[in-house]
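Please look over the sequence and the structure before reading on.

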Amino acid sequence: MDANAPAGNRPRNGSAAATTKQPSARKIKAVQDAIRTALLPPNITPEKVASLPQEAGVYYFHDEQGEVIYVGKSINIYKRIQQHFAVDYKSRKSIEFKNSISDITWELTGSELVALLYESHEIKRMKPLYNRAQRRSVFPAGIFLRTDENGYKHLYYGRADDHAESHP
């Protein structure tokens, strides 16, 4: 290095290469954890997220009244929910969704295929507010079977939404 170079361009320790201090892995992890915690919905604690299973299943986001507002599935529930909260939401609807989550529950399914099928069933059954894509019934109407007071079976035509509770 040139001894006549301006002081700001010379390494301070006298070596030819400038050194930069790298943060420790522990500091990096602490910052990452702080960011994750800051991105959590207001009513979800880091302990709640830490208690999530790292297995395949279906998870439910609940609002303050306990109503299911979103149903999702994953082969690793813990990682998938962290992905939900790792995003710093910008749109009004996304912020509203995140802030309305008050609890998380789940059901383990044992496999991705079962989780996929069960999630679809639960969305159609519960019709959560934030699962718009799958919430709609495929068939708006259907043919239904009922048994009258004499034990005779009758077929009749009706709206599918009117009969959702009577069918599994």
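Which residue forms a salt bridge with Glu122? The partner is Arg125, and the closest N and O atoms of the pair are 3.0 Å apart. The setting of this pair and of others is given below, after an overview.

## Model and confidence

The model is predicted. Its mean pLDDT is 80, with 71% of the residues reaching 70 or more. Confidence is highest in strand β1 (residues 57–62), where the mean is 97, and lowest in helix α1 (residues 25–39), where the mean is 65. Where pLDDT is low, the predicted coordinates should not be read in detail.

## Overall make-up

The protein has six helices and five strands. Read from the N terminus, the order of elements is α-α-β-β-α-α-β-α-α-β-β.

Of the 168 residues, 30% are buried. Among contacts between residues at least 6 apart in sequence, 53% join residues at least 24 apart.

## The β4–β5 hairpin

Strand β4 (residues 141–147) pairs with strand β5 (residues 153–159) in the antiparallel sense, over seven bridges. One of the bridge pairs joins Ala141 to Arg159 in β5. The two strands form a hairpin with five residues between them, and Gly151 in the turn has a positive phi of about 90°.

Ile143, Leu145, Leu155 and Tyr157 make a nonpolar surface patch of about 540 Å². Both β4 and β5 supply at least two residues of this patch. Ile143 lies in strand β4 and is exposed, at 65% relative accessible area.

## Salt bridges

The structure holds four salt bridges. One of them joins Asp103 and Lys48, with the closest N and O atoms 3.3 Å apart. Asp103 is in strand β3 (residues 103–108) and Lys48 in helix α2 (residues 46–50), so this pair ties together parts 55 residues apart in sequence. Asp103 is partly exposed at 31% relative accessibility, and Lys48 is partly exposed at 24%.

Another joins Lys73 and Glu119, whose closest N and O atoms are 3.7 Å apart. Because Lys73 lies in strand β2 (residues 68–74) and Glu119 in helix α5 (residues 112–126), the pair ties together parts that are 46 residues apart in sequence. Lys73 is partly exposed, at 29% relative accessible area, whereas Glu119 is buried, at 9%. Glu122 and Arg125 are three residues apart in helix α5, so about one helical turn separates them. Glu122 is buried, with a relative accessible area of 2%.

Notes
Residues are numbered from 1 along each chain as its sequence is written. This is a predicted model: local features need pLDDT of at least 70, side-chain atom pairs count only at pLDDT 80 or more; totals for chains, interfaces and linings use all residues. Side-chain values use heavy atoms; hydrogens and water are left out. Helices (H or I, at least four residues) and strands (E, at least two) are DSSP runs, numbered from the N terminus. Buried means under 20% relative accessible area, exposed over 50%, partly exposed in between (1.4 Å probe, protein chains only). Contact means heavy atoms within 4.5 Å. Two strands pair if DSSP finds at least two bridges between them. pLDDT is the predictor's confidence in each residue, from 0 to 100. Patches are made of residues with over 30% relative accessible area and no salt bridge: like charges are joined within 9 Å, nonpolar side chains (Val, Leu, Ile, Met, Phe, Trp, Tyr) within 5 Å. Accessible areas come from the Shrake-Rupley method with a 1.4 Å probe; for residues, only the protein chains shown count as cover. A salt bridge is a side-chain nitrogen of Lys or Arg within 4 Å of a carboxyl oxygen of Asp or Glu.
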